[in-house]
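Reader: Could you take me on a close look at the aromatic rings here and what surrounds them? I would enjoy one connected walk-through.

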Amino acid sequence: MDAAYGKDTEFRTGVSALGLPYVAAVLSSTTVWPQGTGPLAPKPWSGRGRRATRLRRDAQHQPVSVKELALGLPETAWTEIAWREGTNAELASRFARSRVRVAHGDTLLDAPRAEEWLLIEWPEGEAEPTQYWLSTMPEEIGFADLVDLAHLRWRIERDYQELKQELGLGHYEGRGWRGFHHHATLCIAAYGFLIAERARFSPSGPGGAGGFEAPRLPEGYRPRGAPDPARTTRAELDRHRATPAHGGDRPNSPTMPVLCPDQPQPTRISPPLVTQ
């Protein structure tokens, strides 16, 4: 997810509560506890009043921003990693990663948050790091795999664009969740089918490559509208016999004159003129 979602600590916590790992872009001002540090434990109970349960901080125990942490890393912490082939060349940059604990709002908690990965990108020639990610992927994940996942969002954006432009995801004009859910489900199913079919063909393979075979016609197959080769000998039982045309044996109807010039025309009588 991008920083618009990744900056929301409650959202990331909710994703983790569902048992789902994430790779979330965050802002440079996000505060964390570097590995080996953390908030202070709750105050010891004095024997009076309620026991303290919340974590504490003091002047010596303060979190740092991910930007401060990145600027303080040694040169040996940075590694050049390529994640995919670009249009003209391989896409690569400098990355560093470290185990941290998110510090935002931990003074309201009774235990520190679990450790997660902080991934940092600092391209060569830039004055400071350009991107930061937090990730709950397993601790044993490879460095290159983590970078690949962080840069996977470009593919998601491309999928979303094709869904809207090619398959009509953005054409829904209803107002209900059920209708939108059905519309989006059909669009995604169609897109998945097209991607699967696209993967069957290698761009560098022969034109006919694809694993398709011409289907065999079943025995006795007859195209629609074709005459039956085994027609019955009785015409009255032949359901494919053409309907005979009407006419031929009907008696001729008598001729009816339409205009007869020799017939006298009826005299028209005008009504009388009435005057006062």
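Author: Happy to. Rings of Phe, Tyr and Trp (its six-membered ring) pair if their centres lie within 6.5 Å; planes under 30 degrees apart count as stacked, over 60 as edge-to-face and the rest as tilted. By that rule, Tyr172, Trp177 and Phe180 form one aromatic cluster. This is a predicted model, where local features need pLDDT of at least 70 and side-chain atom pairs count only at pLDDT 80 or more, while totals for chains, interfaces and linings use all residues. Residues are numbered from 1 along each chain as its sequence is written, and side-chain values use heavy atoms, with hydrogens and water left out.

The structure holds five aromatic pairs. One of them, Trp83 with Phe95, is edge-to-face, with 5.9 Å centre to centre and 85° between the planes. This pair links distant parts of the chain, as Trp83 lies in strand 4 (residues 79-85) and Phe95, twelve residues apart from it, in strand 5 (residues 90-102). Helices (H or I, at least four residues) and strands (E, at least two) are DSSP runs, numbered from the N terminus. Both Trp83 and Phe95 are buried; buried means under 20% relative accessible area, exposed over 50%, partly exposed in between (1.4 Å probe, protein chains only).

Trp177 counts as exposed because its relative accessibility is 62%, whereas Phe180, at 33%, counts as partly exposed.

Charges meet rings as well. A charge sits over a ring if NZ of Lys or CZ of Arg is within 6 Å of the ring centre and within 35 degrees of the ring normal. The charged end of Arg94 sits over the ring of Trp78, 5.4 Å from its centre. Likewise, Arg99 lies over the face of Trp117, 4.9 Å from the ring centre.

A nonpolar core is a set of buried Ala, Val, Leu, Ile, Met, Phe, Trp, Tyr and Cys residues joined through side-chain atoms within 4.5 Å. The largest has 17 residues, and Trp78 is among those that touch the most other members, a group including Leu69, Val100 and Tyr132. Trp117 belongs to a second, separate core of 14 residues, which also includes Phe143, Val147 and Ala150.
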